[in-house]
Amino acid sequence: MSEAIVASQAPGTDLASVPGASGARQFWRRLRTQRAALVAAGVVALLVLLALAAPLLTAIEGQDPTTYHPSLIDSARGGVPVGSFGGVSGDHWLGVEPQTGRDLFARLVYGARVSLGVALGATVVQVLVGVVVGVAAALGNRWIDQLLSRITDIFVAMPLMIMSLALLAIVPSSFPRPLLVALVIGLIAWGNTAKIVRAQTLTLKGLDYVSAARLSGWNTWRIARRELLPGLAAPVITYAALLVPMNISAEAALSFLGVGVKPPTPSWGQMLTAANVWYQAAPQYLLLPAGALLVTVLALTVLGDGVRTALDPRAASRLRVGTGRKREAKADADSKKAAADAYSERAATDVDSKKGAADASAKKAAADASVNADASANKEAKA
């Protein structure tokens, strides 16, 4: 079966939701019309570039994220950085940490690598496990579907934070912590992805082109790979885009609770943990990682919504609220009022034209009656 058939028959999808050159062009065309999504994409790209270029940027600054600078700390004041704005200078662009004197800029950009890497890794694990379980449940027999659905329900009901705390606490510290956090988040929080994939697969497998493939003798794996996965691309990509900011928040929460990324590895959540007692003496130590986390989560959320709207143009964006919606409502009201005024004017014109026609008919009838009366009078006079 061709991809065009898949695109035309899959519900909720079109050429823009199926991988391919034409679909990709339509997707980018729709995405470019959303300014908020484009701005969010630029912010995300900048953050990723900063994370990838962390070694180069810190080399330009001449610092690294682990070196202590005790001379930049005022021990008499409890370890507060020396200088204004937390020790900001040409050598330390964003200042230094209290008590340790480590460079904040270096730790912030290296922390972006950890936070974004953990979030993306957890998202990949969630999507892979969710797609496999969801497709297997939808294509299996009744017993397999029931078994996998009940397992999925158990994982959906699991509290992510509590289970992650338990698992991360018992794993040896020799295991790479960022990789462990990504695996734990991904292997616990895949339930919702599996539910979405199962529901969409059940819808797709009842379509004519899937039935035709089954009657042609294709096995289940080939049907899933050639017929179902293209139709699943749009909902899976959309949900994955929204999972990334959720996983960033989960990693930050775990690191804040002390079971995530361990020092001296920098992480935004771990930096927040160390900064929770310095919000008065050195507020930049708290505000910088918190601001970076806020901007990243907000940008990824807006971008995810834009991707969802671009892949499914029939769905209204959840971000079109406030003044934009008021403007649309006012524009609709104005258009309706203009249409009503035009209709009233046209009706009035029709009434005037009908009245004029009636007056003309009456005048003509009066003239004809007068002519007839004169003709009768002349006949009588002649007689």
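## A tour from salt bridges to loops

Start by selecting K195 and D153, whose side chains meet in a salt bridge with N and O 2.7 Å apart. A salt bridge here is a side-chain nitrogen of Lys or Arg within 4 Å of a carboxyl oxygen of Asp or Glu. K195 sits in helix α9 (residues 191-204) and D153 in helix α6, so this pair ties together parts that are 42 residues apart in sequence. Helices (H or I, at least four residues) and strands (E, at least two) are DSSP runs, numbered from the N terminus.

Before moving on, a word on what is loaded: this is a predicted model, in which local features need pLDDT of at least 70 and side-chain atom pairs count only at pLDDT 80 or more, while totals for chains, interfaces and linings use all residues. Residues are numbered from 1 along each chain as its sequence is written, and side-chain values use heavy atoms, with hydrogens and water left out.

**Stay with D153**

**Next, select R107 and E97**

Here is another salt bridge, with the closest N and O atoms of R107 and E97 2.9 Å apart. R107 belongs to helix α5 (residues 104-139) and E97 to the loop between β2 (80-81) and α5, so the pair ties together parts that are 10 residues apart in sequence. R107 is buried, at 0% relative accessibility, and E97 is buried too, at 1%. Bring in R102 as well: salt bridges that share partners join E97, R102 and R107 into one network. How many salt bridges does the rule give? The count comes to 6.

**Show α9 and α11 as cartoons**

Return to α9 and display helix α11 (residues 220-256) beside it. Two packed helices are described by the angle between their axes and the distance between the axes. For α9 and α11, the angle is about 155 degrees and the axes are 10 Å apart. Axes are lines fitted to C-alpha atoms, for helices over the stretch in contact, and angles run from 0 to 180 degrees between N-to-C directions. The two helices are therefore roughly antiparallel, a label for angles over 145 degrees; under 35 counts as roughly parallel, 65 to 115 as roughly perpendicular and the rest as oblique.

Select F175, L179, L183 and L187, which make a nonpolar surface patch of about 320 Å². Patches are made of residues with over 30% relative accessible area and no salt bridge; like charges are joined within 9 Å, and nonpolar side chains (Val, Leu, Ile, Met, Phe, Trp, Tyr) within 5 Å. Accessible areas come from the Shrake-Rupley method with a 1.4 Å probe, and for residues only the protein chains shown count as cover. Click on L183: it lies in helix α8 (residues 177-188) and is partly exposed at 31% relative accessibility.

Most residues other than glycine have a negative phi. Which way does the phi of F85 go, positive or negative? F85 has a positive phi of about 55 degrees, although it is not a glycine. F85 is in the loop between β2 and α5 and is exposed, with a relative accessible area of 70%. Q99 is found in the loop between β2 and α5, with a positive phi near 70 degrees. Q99 is exposed at 55%.

**Two distances to draw**

Draw a line from L72 to G83: these residues are 11 apart along the chain, and their C-alpha atoms are separated by 8.3 Å. L72 is in the loop between α4 (54-61) and β1 (73-74), partly exposed at 25% relative accessibility.

Finish with L272 and A290, which are 18 residues apart in sequence and 7.0 Å apart in space, C-alpha to C-alpha. L272 is in helix α12 (residues 268-275) and counts as buried, at 13% relative accessibility.

Terms used
Buried means under 20% relative accessible area, exposed over 50%, partly exposed in between (1.4 Å probe, protein chains only).
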